[in-house]
Amino acid sequence: MFTIFVIMGIAERKEREREELKEKIINGSTELFLEHGIEGTSIRMIADKIEYSPATIYLHFKDKNELFYVIMERAFGLFFEYFSRVLPIKDPMERLHKLGDVYLKFAEENPFYYDLMFVIRAPMDHTKEDWDNGRRSHSVLTNTVQECIDKGYFKGHNPEGLSLTIWSTVHGLATLRLRGRLGMYDEKSVQEMMSSALNSLNTMLERA
C-alpha cells in the first residue's frame, strides 16, 4: 500500500511540474509575442527566455502558432467572462449599451491580452474547431444586435454589418487609449471623453 501511495505521489508531482512548465512557456511566449510580434518570435527565443531547450517546448506545443492559440483561447475565455456580466439584462438595447462599457473595461484591465487579441499582426485562423471562446464572445454582440432588430430597432440594417460597425468604433476607442494616442489630454479629460464618446454611440444606435 505504501508503495502505491509513493507512486501516486510521484505521478502527481510530475503532472504538477509539467503544468508549471507549460505555464512558464505560455507566460514567456506572451511577453515575447508582445515585444517582437508573432513573426519576430521563434521557439529558440522562447526557450532562451525561460531557460530551457527548444526540444522541451516541443514536448508540450507543436509550434509557436499552437502556443499563440492557447494564449488566445485563454484571453477570449476571460473576455467572455466580462461579456457574461451583461447577459442577464433582458432589454437588448440596454445590454448593447453595457457591452461597450465592459469591452472598454476589459481593454483597460487586460492591456497585454487586448494587444494580442486585437492589435498586433497575428495568424488568426477562425476556422479552427476549438475556437469556442472567440466565437461565443463575438456571438454575444451579434445576437444582441439581432435581438434589437427583432424589437424594431435598426430597420434595414444587416446584423453582421452593424455589429462590425459597433465593434470597430469601440475598438477604436480602446486602442487609442491603450496605445497612448490620447496623451494630449489629461487623464481626467480622457476618462470623460471616453464616456462621452460611448454615450454618443449609444444615442446614435437608439435613433437608428
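**Reading helices and buried threonines in a predicted model**

Modeller: Let us begin at one helix start: a side-chain oxygen of Asp63 comes to within 3.1 Å of the backbone nitrogen of Asn65, at the start of H4. Please keep in mind that the model is predicted.

Colleague: How many residues does helix H4 have, and how far does the helix reach from its first C-alpha to its last?

Modeller: Helix H4 covers residues 64-84, which is 21 residues, and spans 30 Å between its first and last C-alpha atoms. That is close to the 30 Å expected at 1.5 Å a residue.

Colleague: Which side-chain oxygen reaches a backbone nitrogen at the start of H8?

Modeller: At the start of H8, the oxygen belongs to Asn158, and it lies within 2.8 Å of the backbone nitrogen of Glu160. H8 has 20 residues and reaches 28 Å, close to the 28 Å expected. Just after H8, Gly180 adopts a positive phi of about 70°.

Colleague: Which helices do the buried residues of H8 pack against?

Modeller: They pack against H5, H6 (111-118), H7 and H9 (187-207). The buried residues of H8 are Leu162, Ser163, Ile166, Val170, Leu173, Ala174 and Thr175.

Colleague: Why is Thr175 classed as buried?

Modeller: Thr175 is classed as buried because its relative accessible area is 18%, and the cut-off for buried is under 20%. Beyond residues up to four places away in sequence, Thr175 touches Tyr114 and Val119. The C-alpha atoms of Thr175 and Asp115 are separated by 8.4 Å, although the two residues are 60 residues apart along the chain.

Colleague: Is Thr41 buried or exposed?

Modeller: Thr41 is buried, with a relative accessible area of 1%. Thr41 sits in the loop between H1 (2-36) and H2 (43-50). The Thr41 side chain reaches the backbone oxygen of Gly37 at 2.7 Å. With neighbours within four places in sequence set aside, Thr41 contacts Leu32, Phe33, His36, Ile46 and Lys64.

Definitions and conventions:
Residues are numbered from 1 along each chain as its sequence is written. This is a predicted model: local features need pLDDT of at least 70, side-chain atom pairs count only at pLDDT 80 or more; totals for chains, interfaces and linings use all residues. Side-chain values use heavy atoms; hydrogens and water are left out. Helices (H or I, at least four residues) and strands (E, at least two) are DSSP runs, numbered from the N terminus. The expected span of a helix is 1.5 Å times one less than its number of residues. A polar contact is a pair of N or O atoms within 3.5 Å; within protein, one must be able to donate a hydrogen and the other to accept it, and residues adjacent in sequence count only if both atoms are side-chain atoms. Buried means under 20% relative accessible area, exposed over 50%, partly exposed in between (1.4 Å probe, protein chains only). Contact means heavy atoms within 4.5 Å.
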